[in-house]
Amino acid sequence: MMSETIPPFTGFGLGLRKEHHAQFLGAEQKVDFVEIISENFMACGGRPLRTLDAMRERHPVIMHGVSMSLGSPAGLNRDYLTELKLLADRTRPLWVSDHLCWTGIPGHNSHDLLPLPYTNEALATCIANLKLAQDVLERPLLVENPSSYMTFPESTMSEWQFLKALAEESGCYLLLDVNNVFVSSVNHHFDPLEFLNVIPRDRVRQIHLAGHSQGPEGLLIDTHDAPVCAEVWALYAKAIDRFGPCATMIERDDAIPPLDDLLAELDQAREAASVLA
Amino acid sequence: MTLLAAQRAFVAEIAADDDLPSSSLGMAIYRNAYRGRLADALAVSFERTRRWVGEEMFELAAAHYILTHPPQSWTLDAYGADFPEALAELFADDPEVAELAWLEWHMQQAFAAPDRATLTGEALAAAEPDWEQLRLAPAAGLTWREVNHDLAALWHGLTDRSALAATEPAVLLIWRKDLSPHFRLLSPDEFAALEPLLDGASFGEAASQVGEAGLARFGQLFAKWLSEGLFSAIDSQSQ
């Protein structure tokens, strides 16, 4: 591995979505970084890659993946890792991230961030996969906590204990999705502050903020199709209080609003963080 | 149960037919998300096909495909690769449906295909190639298939089914020039002249197949193909 540490980077950014490509490329936008979905730019050429190249000249870029499947006991897809490494070498991102989840089994990819039981077997699987990915990519990764809609009776630890152990054992950093903490805390009836208070202070390098929607029987669904709600802003303030200034991003994947709306929401994050600075 | 066995059971449940109830509310949410995500991917990739067959028929076709074609690639962008073939079976009496779907799919593939610089006539002339031995590489995303309908009319939004007549067989060619994907219908004669070059034959070999009488037309067609950007580079073996 070339480097075992990721220097802190503070600032406020947005997820780059194709609806806003022209505005990002046409004028200076008030962001400190953009986050791309890695898979949208892997193994391709043409206009997508030109857009990424042009974006890199304007802003620091973060690569955020959805397909690594760290929780797969069958191991990681080597072709995927090879393509991810090629993109990372070309993009030279601030960092590369993915999720604490699994996405499928050999021969069947769900293209979803599926939940893991928090067991020693799952932890060992994630650590082994993460170490391999970090070796191939020659950099530490950030791992994000996903939202989840079910728990497993076989779990022997909490999600936050699992993440803490994962960071300690693998050397990875964490992408704290504050909305996901809130959604899971409602769905699984835990105190979100207990989650934050166990996550190691020195391992969080980025925060995601997003909206969610109401699902059946009181469950919340992580839909990324709405503004950040008041409860998540309040939890964000607690997170900044604990982890200090941290790269913060608004994540919107559906019902994409005008860019100005997202920039205004990002200003809210700036304001919330500055109050605590 | 091992983690892998549990994951196999989980995937089997979210991908199962609607007739089987979900074992929990959480599983129902993951199952719904699985179907929805794949259906959305097909709807985005085959927007024109969906308009042509109608939303209801498209949704039925998509639901069948999702049940019978589990996604295998790490990228969701690959999910529709076999959808045109599936539509050929589902719409056996309306073969234009599969032809349009094939066109849509490969135009998208060409849009994001790995880069290959377009070979211009000027660059080829400047290279002063040995024409007899010259071999050319195809443009980014170049592919073809035989079709029997006016795909240009379908692509540009034809909605009147009675206006779509079956045509003489033609070859639908798709490629990317610079950043833009293109397609064109070629007559069987024109494609017969082009195909050897796409298959790796030398210029001399391809020219010999058209015969003495066809050489002048072959030269004109070659100039046209170059201007359209059908080739990307001079094959290194010919230099």
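Me: Across which strands of chain A does helix α8 (residues 230-243) lie, and at about what angle does helix α8 run to β9(A)?

Reply: Helix α8 of chain A lies across β8 (173-177) and β9 of chain A, and its direction is at about 170° to that of β9(A). Axes are lines fitted to C-alpha atoms, for helices over the stretch in contact, and angles run from 0 to 180 degrees between N-to-C directions. Two residues are in contact if their C-beta atoms, placed from the backbone, lie within 7 Å. Helices (H or I, at least four residues) and strands (E, at least two) are DSSP runs, numbered from the N terminus. This is a predicted model, in which local features need pLDDT of at least 70 and side-chain atom pairs count only at pLDDT 80 or more, while totals for chains, interfaces and linings use all residues. Residues are numbered from 1 along each chain as its sequence is written, and chains are lettered from A and ligands numbered from 1 in the order in which they are written.

Me: Which strands of chain A form the closed barrel?

Reply: Strands of a sheet pair through backbone hydrogen bonds, either parallel or antiparallel. In chain A, eight strands close a barrel in the order β1-β2-β3-β4-β7-β8-β9-β12, with parallel pairing (two strands pair if DSSP finds at least two bridges between them). Neighbouring strands of this sheet are turned by 25° against each other on average, direction ignored. One pair is β9 (residues 204-209) and β12 (residues 247-250) of chain A, parallel strands joined by four bridges. Within that pair, A:L209 has A:I250 of β12(A) as its bridge partner. Chain A has nine helices and twelve strands.

Me: Where do A:A43 and A:E138 lie, and what is the phi of each?

Reply: Most residues other than glycine have a negative phi, and most peptide bonds are trans. A:A43 has a positive phi, near 55°, and belongs to the loop between β2 (33-37) and α2 of chain A. A:E138 also has a positive phi, near 55°, and is found in the loop between α4 and β7 (142-144) of chain A.

Me: Is A:A43 buried or exposed, and is A:E138 buried or exposed?

Reply: A residue is buried if 20 or more other C-beta atoms, placed from the backbone, lie within 10 Å of its own, exposed if 12 or fewer, and partly exposed in between. A:A43 is buried because it has 20 C-beta neighbours inside 10 Å. A:E138 is exposed, as 12 other C-beta atoms lie within 10 Å. Of the 277 residues in chain A, 49% are buried, and of the 239 residues of chain B, 33% are.

Me: How many residues does each chain bring to the contact between chain A and chain B?

Reply: Chain A brings 33 residues and chain B 31 residues. On the side of chain A, α2 (46-58), β5 (102-105), β6 (108-114) and α4 (120-137) each supply at least two residues, and β6(A) gives the largest share, six residues. The predictor gives the complex an ipTM of 0.95 and a pTM of 0.95.
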